[in-house]
Amino acid sequence: MEIKIKLNGTEMTADVEPRTLLVHLIREKFSSTGTHIGCDTSSCGACTILIDGKSAKSCTILAVQVNGKEISTVEGLLTAEGLHPIQEGFKENHALHCGFCTPGMMMRAVELLEKNPNPSEDEIRWGISGNLCRCTGYNNIVSAIKYASAKIRGAELPSTEPKFV
Amino acid sequence: MAGHAGQKHKIRVVSPDIGGGFGGKVPIYPGYVIAIAVSFLTGVPIKWVEDRSENLQADSFARDYHIKAEIAATKEGKIQATRFKVLADHGYTDASANPSKFPTGLFSIGTGSYDYDTAYMEADAVYTNKPPGGVAYRCSFRVTEAVHAIETVVDTLALKIGKDPAQLRFENFIKKDQFPWKSPTGWEYDSGDYKAGLEKAMKAIDYDGLREEQVEKRKKGELMGIGISTFTEIVGAGPSKDFDILGIKMFDSAEIRVHPTGKAIARFGTKSQGQGHETTYAQIIAEELGIPAENIQVEEGDTDTAPYGLGTYASRSTPTAGAAAAMAARKLRDKAKKIAAYLLEVSEDDLEWEPGKFSVKGAPEKSKTIQELVFAAYTNHPQGMEAGFEATHYYDPPNLTFPNGAYICVVDIDSDTFEINVRRFVAIDDCGNIINPMIVQGQVHGGLTQGIAPAMYEELLYDDDGNILNGTLMDYLVPTAVESPSWETGHTITPSPHHPIGAKGVGESPTVGAPPAIANAICDALKPYGITHMNIPITPFKIFKTLQEKGLLDTDLKI
Ligand code: FES
Ligand code: FES
């Protein structure tokens, strides 16, 4: 089937089988391998992308379902102005180790901050509870999202120095 | 395969970013071998992809150790001896990378951080029809299991004799001036200051205040528990006197080449899977050589270019390859000194080093920067000296490093549903000199979440016919940001006396140290029921079942 989508602002067309998963379309046909596959049961969130601005697990959606829609992946975060605030937050706060979960985590955070620009720690933790990270223990991911929130709101940036007791 | 046929030099393994490791990537899986064989047979490249459900069902597993731990002590609580008997389920084949002559990890630091001299340890392993087992999951050679045994049995002792578990530990710790300390099983702990670590953790969490709060809560029948773990780890395999893999000594390697531009490439036999080697190794070399870290490119993971090495696992990269980096850099500094003496026309003894340059003692205006000296190594070096600025070091550690930590956990348990809430968790680690505090802290955070996992959540369940019951991430609960508490971490610093820069490994300490702190906190909370021990993972349902089976559900909780 012929489908047409907008991927990170660029019109794309593809001929897909009806059974093709969106994540496979993105990774294999469009070579955007920033979107990862971490499970086969919609449990890990590594494949999280935005469909018309709403976060979704692309391993659980058929490519044909997004015909005519706008898809944003991690590759679209970087712009001519530089890193997206969420990317800067992850970088400054050491919020990634192996990086496997990071693209999905950031895409989820983008939507979270869109809907709730100043989330509490609890709201952040529940907000990313569909995304697993095996490496970081989440502390620094929470800090990264708080940092991005401040940056987007134009508020004072929190310190990125590690805090020790 | 070609390695076995003596053709190893013809094989190139390139390992780019591969995701986290944690021990699961140590074994050789049948899929690897089959993919290679099929590629040979068909003459085309073969890709083998395992999906997550296959991974949970058929990949290696860890921690299926059934340990009976006994502790002997005086009435006052002075530990006299321990005895561990272990039955280890290793699945259908042993999946761990075992050094040829290193016995099970239980025989190393199983006696813990305590001063006594009698121990008996016995391990039996069985084959079962489960996947390959016995992986040292984020710990060096299964010490997580050993630490869990010693740290929980010490708490059981405290409960039985009615002594505060912190006090019991203080009275039994190996003291700072007893290091290097020969353990009952013959290992030499390099350094530690256990008392300082526990004191710091107690202060950070307000231990006395928590105990007072607990007394008040118990009067009201509320379940609150405080758990401690003061563990010793053993990492940095390994000294060739103790370790080898089929005869190959367990060194690791570094190779540094500084170009005439003063910028360097450094290659290693290890491979980062998110541990931040690129940053840490560059910092070590920068510190030794005075070249800015951003001018040092770190490269790993290509067998065509890397020096021969044994890889990254068991928290060994800083103890071995990190040491090799420092030693190789020191070789280069020695060469730079010879060149400086030649250029400044003085003897080497008249030169002084400060990071980044050599100058003449008493005449600091006569100096040469490292960049000038490197350039001279290619353009104007003394007659008879080999040109170039390049050094390799294979580091065979004289001993292992023994990082340690003091962890304290506070839990609240709902007396109706038995839901367990980890209210606070303070982790004080001592990994000797710290190269990069942010990276060490990141490793500790991640390890703590992997420590809460076996304590409260993760367990592969099988029915009586051997079918896996939770073979997807839907029902095998990897902790999310919600299950993970906000970790509070800190450190004490007791340098390793034998490591070139006084550092110890740290990546696995938190995974090793956290489970007993959590289990001890839960048992402490359940004290009103008279519970002194529970096997992990401890879930609300397991608490309910245990109490139900013992007929304790209607216990009056007010004490
Ligand atoms: S790959 Fe989509 S949720 Fe895991
Ligand atoms: S950084 Fe490795 S899984 Fe999140």
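**Two interfaces of chain B**

Hi everyone, let me start inside chain B: across the interface of domain 1 and domain 3 of chain B there are two salt bridges, a salt bridge being a side-chain nitrogen of Lys or Arg within 4 Å of a carboxyl oxygen of Asp or Glu. This is a predicted model, where local features need pLDDT of at least 70 and side-chain atom pairs count only at pLDDT 80 or more, while totals for chains, interfaces and linings use all residues. Residues are numbered from 1 along each chain as its sequence is written, chains are lettered from A and ligands numbered from 1 in the order in which they are written, and side-chain values use heavy atoms, with hydrogens and water left out.

Which residue does Arg12(B) meet in a salt bridge? Its partner is Asp304(B), at 3.4 Å from N to O.

Now the domains themselves. Chain B is divided into domain 1 (2-58), domain 2 (190-237 + 399-559) and domain 3 (252-395), with bounds from an automatic or database domain assignment. Domain 1 of chain B puts 14 residues into the contact and domain 3 of chain B puts in eight, where contact means heavy atoms within 4.5 Å.

How much area do these two domains bury between them? About 770 Å², with 42% of it on carbon and sulfur atoms; buried area is the accessible area (1.4 Å probe) that two parts lose on being put together, summed over both. Arg12(B) comes back here: together with Val13(B) and Ser15(B), Arg12(B) supplies 45% of the area that domain 1 of chain B buries against domain 3 of chain B, more than any other three residues.

Let's move on to chain A. Here 41 residues of chain B are in contact with 29 residues of chain A. The two chains bury about 2900 Å² between them, and carbon and sulfur atoms give 61% of that. Met438(B), Ala481(B) and Val482(B) supply 20% of the area chain B buries against chain A, more than any other three residues.

How many salt bridges join chain B and chain A? The count is one. Arg134(A) forms a salt bridge with Glu458(B), and their closest N and O atoms are 2.7 Å apart.

Last, which element gives the most to the side of chain B that touches chain A? That is H11(B), with 11 residues; helix H11 spans 437-457, and helices here are DSSP runs (H or I, at least four residues), numbered from the N terminus.

Conventions. Helix = DSSP H or I, 4+ residues; strand = E, 2+ residues; numbered from the N terminus.
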